[in-house]
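Please read them with the model open.

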Amino acid sequence: MNGLLLTTQQALQLLFTGDPELWSIVLLSFSVSLKAILLTTPFAFLVSFALSHGKFPGIRIILAIFNSLLSVPTVVIGLFLYVLLTRQGPFGDLRLLFTQTAMIIGQMILCFPTLVALGYAAIQAADRRVWETARTLGAPPWFSMLTVFFEVRFALLAAVLTGFGRIISEIGISMMIGGNIMGYTRNITTAIAMETSKGEFAQGIALGLVLLLLSFLLTALLSYLQGHKEFAA
Amino acid sequence: MMSINIVIRFDKFLVKKYLLWFLFCYLNSGIIQAEPIRLATTTSTDNSGLLREIIPHFEQKTGNVVHVLSVGTGHALRLGQDGNVDVVLVHAPNAEMHWVEAGYGVNRRSVMVNDFVILGPENDPAGIRGERNAVKTLQKIARGKHIFVSRGDDSGTHKKEMALWKKTRMKPSVTWYRETGQGMGRVLQMADELNAYTISDRGTWLVLRSKLSLKLLFEGDPELHNPYSIIAVNPSRYPGINYMGAMSLIAWLTSVDGQNQIRKFKLDGQSLFFPSAILD
Amino acid sequence: MNEPLLVFREIEKSFSGSQILCGVDLSLYPGKCILLSGKNGVGKTILLKIIAGLEIPDLAKIEISGKTNSWEKAVRSVRKEIIYLHQHPIMFSSTVESNVAYGLRFASLNRKQRRESVDEALEWAGLTDVAKKQAKTLSGGVQQRVAFTRAWILKPKVLLLDEPMANMDHESREQTYQLLVRMKSAGMSLVITSHFMQYFEGIVDQHFQLKNGALELKSKS
């Protein structure tokens, strides 16, 4: 017990004295995950909208596929991407392996089904009259779509937060195709894995605390949004 | 009159355009930066902190950037074989020789040497303290069926361990032998928890010994010799590989400067690696 | 004497197996008001939505100034002149002003002209007091007026109103009636669906009943 207290103390010290290595790891996590979510969201919501308003065959099947992809283990995606990006692989020439770009791509793939599925739910719940009113008042389809998005913005934001939560805490992808390179592709989760495998718990705990705090904030934000949704409808 | 909500809707559209541009720039930015040298090494090497200490010297001197990937020995060699790194630094002589013979690597150079040690509980129930050689210590542990924790992950350490077991002509049994598939640090912790015996590289031991109740019980046998080599990935297999960078790193590590840096590196007051590239 | 603005011909639509509209013809005249009655669920709303371009018919033709075109080809240009109003209009999550101004974005007006247009429209409907209020928070009657104004500001040639007086109190009905009169005199062609013919006495020029997929002329003034 004493050891645990001491380690936690050390962890907090590392955090608050602004240990540069620690904070560069935290920054990297955010940088990669923010880019991934920002790049994926617009396209994912477009797909959600198409699935919701479209009248082509196979919508149900596509939705079922997305829903089943919601809980794919990240190591599976990581492994799959590794095979694609390895030098002998189909995309080896792009030399993306062990770069931040690869991590971003991997996380984009990870959050895409979540964003599509939750976006779809949000848009389905939207009043059809919003779309019809927008269209009849002369708005072109793309703007009418944005209008619908605006009307369900809280639900969409919740989808984004959920997606973000999933990618910032993943390790399977970051480890496999990021490579945990110090200062370059080492993020919170890969650092925790590495530190614990070295037996260095203080660093691991410090980083774990950051992640815990973040997930707490996300959850709080999500519940705030849920409440707001009821009144905004 | 245009209320904020209308502006937000517009922004979303602009944001999409901006981001596409961003993605384009991002994916192309690799071309503008200097090409890094990718070094795959083992976790025990990296965990000792040696590379963290001496690589910056190389980087400053030559203006190169080195990306260090620390994985298991098998994985490191695999990365080299697949052309995903430019150079490997490992400590598994047999595997290395086969690797070079198979044509995956070129210019294998000896870099440094350290050793493995055998650790165990303070009271040493198997009585290996003061034993004559490493093989005998393992035989004693096996006979007494004392718990032994192994890497079990095909790493350099694990390969050495397996070679020693072969020499004992005894087969470890699952009742007391724990194959963990974990890194050295974790294995030491587990051995600590279980009051068990284990074999470790000296570096990881020095880093962690203050946190463990395990004690160093046996060392010094030439069998526990642990030589490190650096090998460049064969450039004819992958034309795009940073062969010049790899050779530059090998040159420095085996140069007088590099070898001195290795010699100067100390852990917990002890010299850990002994340079072996230049015979003097 | 009167040239029809638009003529819809041979509109056919089936829904989940049953034929709702079988060959409906409808001519729309400027400044005239058509009343559509019929049982609940008979297809009045679908007919209006097809005319507005919000629903796709199985078959239809549109005649503009004597020239006939298939629905697919003509609907795009026709759509711009027709606005459909829901029975319970939905307000966007913004101010009354913003709601009213929504469609203006796509008209080629500069900022000043837009501002003037909006102010004029708000005054026309008597909404100046609530201009800055969140539209969703206002009463049903006021929302109805906002919906009208939203449409009126775009000066459409045709206005389709789905059960406009349902669930209204007497005062709101009065106000709505007045708005409809003004719209008619401004030259708009109105099509109204309703069960309550008595509310629209004085403005209805033609009354059709939708029955068994076809329009029956009930009266003409």
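1. **Domains of chain B.** This is a predicted model. Chain B splits into two domains. Domain 1 covers 32-114 + 227-275, and domain 2 covers 115-224. Domain 1 is therefore written in two stretches of the chain, because its bounds come from an automatic or database assignment. The centres of the two domains of chain B, taken over C-alpha atoms, are 27 Å apart. Where they touch, domain 1 of chain B gives 17 residues and domain 2 of chain B gives 16 residues.

2. **The domain 1 side of that contact.** Which elements of chain B give two or more residues to the side of domain 1 that touches domain 2? They are helix H2 (43-47) and helix H4 (73-81) of chain B. H2(B) supplies the largest share, three residues. By class, this side of domain 1 of chain B holds five nonpolar, 11 polar and one charged residues.

3. **Chain B as a whole.** Chain B has 280 residues, and 44% of them are buried. Its secondary structure amounts to 11 helices and 12 strands. Take the contacts in chain B with a separation of 6 or more: 76% of them join residues 24 or more positions apart.

4. **Chain C against chain A.** This contact draws 14 residues from chain C and 14 residues from chain A. What is the make-up of the chain C side, by class? Nine of its residues are nonpolar, three are polar and two are charged.

5. **Helix H6 of chain A.** H6(A) spans residues 128-136. Its buried residues are Val130(A), Trp131(A), Thr133(A), Ala134(A) and Thr136(A). What do they pack against? One partner is helix H7 (141-151) of chain A, and the others are helix H1 (44-52) and E6 of chain C. Just after H6(A) comes Gly138(A), with a positive phi of about 100°.

6. **The open sheet of chain C.** Six strands make up this sheet, in the order E6-E7-E8-E3-E9-E10, with mixed pairing.

7. **Strand E8 of chain C.** Is E8(C), residues 189-193, enclosed or open? Five of its five residues are buried, so the strand is largely enclosed by the rest of the structure. Ser189(C), Val191(C) and Thr193(C) point one way from E8(C), while Leu190(C) and Ile192(C) point the other way. In a regular strand, side chains alternate between the two faces of the sheet.

8. **Partners of E8 and E3 in chain C.** E8(C) runs parallel to E3(C), and four bridges join them. In this pair, Leu35(C) is opposite Ile192(C). E8(C) also runs parallel to strand E7 (residues 158-162) of chain C, through five bridges. There Leu161(C) is opposite Ile192(C). Strand E3 (residues 33-37) of chain C pairs in the parallel sense with strand E9 (residues 206-211) of chain C, over four bridges. Leu36(C) faces Phe208(C) of E9(C) across that pairing.

9. **Two residues with positive phi.** Most residues other than glycine have a negative phi. Asn180(A) is not a glycine, yet its phi is positive, about 55°. Asn180(A) sits in the loop between helix H9 (172-178) and helix H10 (188-198) of chain A. Ser16(C) is also not a glycine, and its phi is positive, near 40°. Ser16(C) sits in the loop between strand E1 (6-15) and strand E2 (18-28) of chain C.

10. **Buried or exposed?** How do Asn180(A) and Ser16(C) count, buried or exposed? Asn180(A) has 23 C-beta neighbours inside 10 Å, so it counts as buried. Ser16(C) has 5 C-beta neighbours inside 10 Å, so it counts as exposed. The cut-offs behind this are 20 or more for buried and 12 or fewer for exposed.

Key. Residues are numbered from 1 along each chain as its sequence is written. Chains are lettered from A and ligands numbered from 1 in the order in which they are written. This is a predicted model: local features need pLDDT of at least 70, side-chain atom pairs count only at pLDDT 80 or more; totals for chains, interfaces and linings use all residues. Two residues are in contact if their C-beta atoms, placed from the backbone, lie within 7 Å. Ala, Val, Leu, Ile, Met, Phe, Trp, Tyr, Cys and Pro count as nonpolar, Asp, Glu, Lys and Arg as charged, and the others, Gly among them, as polar. Two strands pair if DSSP finds at least two bridges between them.
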